[in-house]
Amino acid sequence: MIFVFALFLLTLLVITAIAIVRSENLFVSVMLTSIFSLLMAANFFILDAADVALTEAAVGAGITTVIFLSALALTAEREKRRAGGQLVALGAVGILAALIIYATFDKPRLGDPEAPVHQHVAPWYLEKTPEYIDIPNVVTAILSSYRGYDTLGEVFVVFTACIGVLFILGVKPPEQPADRTAESGGLRHHLIPQVVGRLLVPFIVLFGLYTQFHGEYGPGGGFQAGAIIATGVILYALLEGEGEALRAVPRSVLLGLVVGGALLFGGVGIVCMLMGGAFLDYSVLSADPVWGQQLGIIIIEAGVGMAVCGALLSIFHAFAARQSQP
Amino acid sequence: MKLLELLGYFNYWVFAITLVIGLYAVISKANLIKKLIGLSIFQSAVFLMYITMDKVEGGTAPIIQAGVEDQIYSNPLPQVLILTAIVVGVSTLALGLAIVVRINERYGTIEEHEILDAD
Amino acid sequence: MLSAPLIILLQPRGLAWAGATAVALLSFAIAVALTIAVLGGQTQVYAMGGWPAPYGIELAVDSFSALVLLVVTGAGAGALLAARPSIDQQIEHQRQPLFYSAWLLAMSGLAGIVVAADAFNIFVFMEISSLASYVLIAGGPDRRALPAVFKYLIMGTIGATFYLIGVGLIYMMTGTLNLADMEARLGDVTELNPILVAAGFITIGLALKAAVFPLHVWLPNAYTQAPHMITVFLAACATKVAIYVLIRFDYMVFQAKLDDHEAQFALFLMPLAILGILVASAVAMFEGHLKRLLATSSVAQIGYILLGASFVSESGLAASAMHIFNHALAKGGLFLAVACLAFHYSDLRLDQLGGAAKRMPFTCAALVVCGFSLIGIPGTAGFISKWLLITAALETGPMGWLLVAVILVSSLMAVVYIWRIVEKLYFGAPDQDDIAVSEAPLQLLLVTWLVALLNIGFGLFPTVPLTLANASATVLMGYSG
């Protein structure tokens, strides 16, 4: 039963992708992309990747759509038709597709427990986590501890994107309208979004916090939490107007979150070194190595959540604050 | 199991097709935002490939349940990698969009050939 | 203990120029320390988080890594030392802290790649450095910087994603991400098709980042439009790191296990290298804009590095490694001189630069020295690597003469385009008659001259880089069966 469903989902995925590319209205494309993300998330869930599904839904369907829409508001809505060049592109990608499909016939079949990918490293993680770290969510264990260095890198990627966007959009747009239009009032005049939205915002933030702290026991963790909390604030901004959102969570706080989060993560690593272990070796953080691991994980996940939330919100504000071209 | 085997291959084919759809959009479309959308489809396809790899027959999400013995779990490692990759992807996208916004301000257009002509 | 990545990773924002430079110099010092340790003969290994590989992520530095690390940190530190006057000229004041922060991130990203021993870790740091580079290039004053960086972003992300696909395929077949582990487990793999496809993806992905012909199209525009000091930094090390990963992956992981591999690498990459060298040098001969000319020449230089690697011999690899080092010195110096020139000549097209030597004698002299190094005149660093390359080419047998011809012809082309620059600078007619000597700011000038002198220094006394290069070659060849 589930296989049929999966097949259905996958086919929908392809159809959506084609629709996205062919549509000339950019707004439609972006909304379809959001649906594409949701389909992906559903697929991930079927494939037992709960954390990834959560992240893809929060980040892909949520944040990505928001950023795209903000950019669209500042640029154009329709794509112009362009002549020529399509055949070559089609040919090239067709060859590529054929090549990949050719390679798939030698791959281990789906779900085969004997496949090399499931030997060696994976069983070790599954076996040893209760012993070394003792938290149920193995994905979080790998993310925060075994491969914590990668996650540190990832936080810095987000950090880079944040300062990058701030840098690029830090230049004043060339033309300012003669009279600055009043600060956008958001959706204040629409009753239904107001009511529903106001109900939702606190729940969203609460859920985000839950995801943050519960990440070791169930799907969740810093990235998802950061994205979800950011979404809550963005919803607030959409409802009340961007100015209000800035009053609620001012820019300096955002910047503090981003920098603080990144430094917190790195700082934990250094503290570990100072206490005699290797960089990011949490076992030295306390007398009991297992508790040390858990402590380390909690702290760095907090750092990740802070950084991601701050970065995403900063990026959103950078886009939203720009006056659109007349 | 024949059905599972078919599904396995189907997953890979969907990956290949989605990949090239995204790539096609990046190469052949002139509108910069369309290119970025294509890029994001392209990247998502790769994520699908990785996650497909991690499924184990009869397994479940790799969250160890207390008191349950002998549970088969799906592979946690690709999930970790893809979590990272998703975040990297969205960061790249944000930067790309910021650049597009600036291009629009300086050039007045976001169609590639018009930009090339303007210089 | 490898504290290098640790220090390099400190990224508080709002760093003024001084802070950024201090950190860069510190990283350089660490790199030197690592190099000394490595010269003693061992590979330095460090397990992150205390988890042993392959469960955890490992860092490893051997002579090849040390060489490239020196280049990266040296270029970063050097460029930052000289940066302030030029950046003040080109970037608004309030954006500067963000800019320097991005610079440090780029540098640490590149350094992170070089010391990594885990395939996915390389991806993460590759993206850190790439994203940071996009930001840096986007700071260019001319509006053409924006489409240039957009193109780079698209091509770079495709490259990174291809790399990711390749790594995924290998992981699927071997179950590990650690490079050394991969090499070991690859022997057990029975079906080779996915591995070949994986190798293809990884190679193409990295080639995109390294600007290997014909995937180099993003480079001339991006380098030309970037702020001048960024061009100095990027030209010296960004693409080299991508080639470093390419070579390392190829030799460590693929070499031993794929039987026809030798043929594949040589047959496939050598013609591309040759084409890159010849076509790029030819185009450079006709370029009218100084920065563009030098940027195009960089594509040719990358061709040289790739050519050496495609010989699959110790001498070839040594030549490549050496050229990584020397080109960084030569091109870095050249672009530093360009930054100096930019102080008085806002338009850097060649026909506007007539008679510049009268006004900025020191700058132009430094430019000439670095130009000589680029061509490979005896006495400069460039000569050493060209010489190694020629000897390596001769070793490949009868085809060697053809290769030597290519190298010589392209060097002649280099003479042509350098001469064009020199001629304009020294013998061209200035547009103003009364020219007083007004040089670039002292800070910038000093660093430029330091680099120029290093070119000569390492040309006459190449022991240190040469030892490293030879050691790298031995290590790399040691992986093959």
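Predicted model: local features only at pLDDT ≥ 70, side-chain atom pairs only at ≥ 80, totals over all residues.
Local features need pLDDT of at least 70 and side-chain atom pairs count only at pLDDT 80 or more, while totals for chains, interfaces and linings use all residues; side-chain values use heavy atoms, with hydrogens and water left out. Residues are numbered from 1 along each chain as its sequence is written, and chains are lettered from A, with ligands numbered from 1, in the order in which they are written.

**Two domains in chain A**

- Chain A is assigned domain 1 (1-78) and domain 2 (115-176 + 183-320), with bounds that come from an automatic or database domain assignment.
- Where the two meet, domain 1 of chain A brings twelve residues to the contact and domain 2 of chain A brings 16 residues; contact here means heavy atoms within 4.5 Å.
- Between them, domain 1 of chain A and domain 2 of chain A bury about 1100 Å², and 80% of that is on carbon and sulfur atoms. Buried area is the accessible area (1.4 Å probe) that two parts lose on being put together, summed over both.
- Which three residues supply more than any others of the area that domain 1 of chain A buries against domain 2 of chain A? They are A:Asp51, A:Leu54 and A:Ile63, which supply 45% of that area.
- By class, the side of domain 1 of chain A that touches domain 2 of chain A has nine nonpolar, two polar and one charged residues. In this scheme Ala, Val, Leu, Ile, Met, Phe, Trp, Tyr, Cys and Pro count as nonpolar, Asp, Glu, Lys and Arg as charged, and the others, Gly among them, as polar.
- Two residue pairs are in polar contact across this interface, both at pLDDT 80 or more. A polar contact is a pair of N or O atoms within 3.5 Å; within protein, one must be able to donate a hydrogen and the other to accept it, and residues adjacent in sequence count only if both atoms are side-chain atoms.
- The salt bridge count between domain 1 of chain A and domain 2 of chain A is zero. The rule for a salt bridge is a side-chain nitrogen of Lys or Arg within 4 Å of a carboxyl oxygen of Asp or Glu.

**Chain B at a glance**

- Chain B has four helices and zero strands, and reads α-α-α-α along the sequence. Helices (H or I, at least four residues) and strands (E, at least two) are DSSP runs, numbered from the N terminus.
- Of the 119 residues in chain B, 75% are buried. Buried means under 20% relative accessible area, exposed means over 50%, and partly exposed is in between (1.4 Å probe, protein chains only).
- Take the contacts in chain B between residues at least 6 apart in sequence: 48% of these join residues at least 24 apart.

**Salt bridges**

- How many salt bridges does the structure hold over all chains? There are two.
- One pairs B:Glu105 with B:Arg102, and the closest N and O atoms are 2.8 Å apart. The two residues are separated by about one helical turn because they sit three residues apart in helix H3 (residues 77-107) of chain B. Both B:Glu105 and B:Arg102 are buried.
- Another joins the side chains of C:Lys209 and C:Glu127 (3.6 Å, N to O). C:Lys209 lies in helix H8 (residues 193-210) of chain C and C:Glu127 in helix H5 (residues 119-137) of chain C, so this pair ties together parts that are 82 residues apart in sequence. Both C:Lys209 and C:Glu127 are buried.

**Buried residues to look up**

For the touching partners below, residues up to four places away in sequence are left out.

- A:Glu56 is in helix H3 (residues 50-74) of chain A and counts as buried, with a relative accessible area of 4%. Its contacts include A:Ser37, A:Met40 and A:Phe44, as well as B:Phe47 and B:Ile86 from chain B.
- A:Val201 sits in helix H8 (residues 191-213) of chain A. A:Val201 is buried at 13% relative accessibility and touches A:Gly232, A:Leu235 and A:Tyr236.
- C:Gly276 is in helix H11 (residues 261-286) of chain C. At 2% relative accessibility C:Gly276 is buried, and C:Phe213, C:Ser281 and C:Ala300 are in contact with C:Gly276.
- C:Asn326 belongs to helix H13 (residues 314-341) of chain C and is buried at 1% relative accessibility. Among the residues that C:Asn326 touches are C:Ala381, C:Ser385 and C:Asn455.
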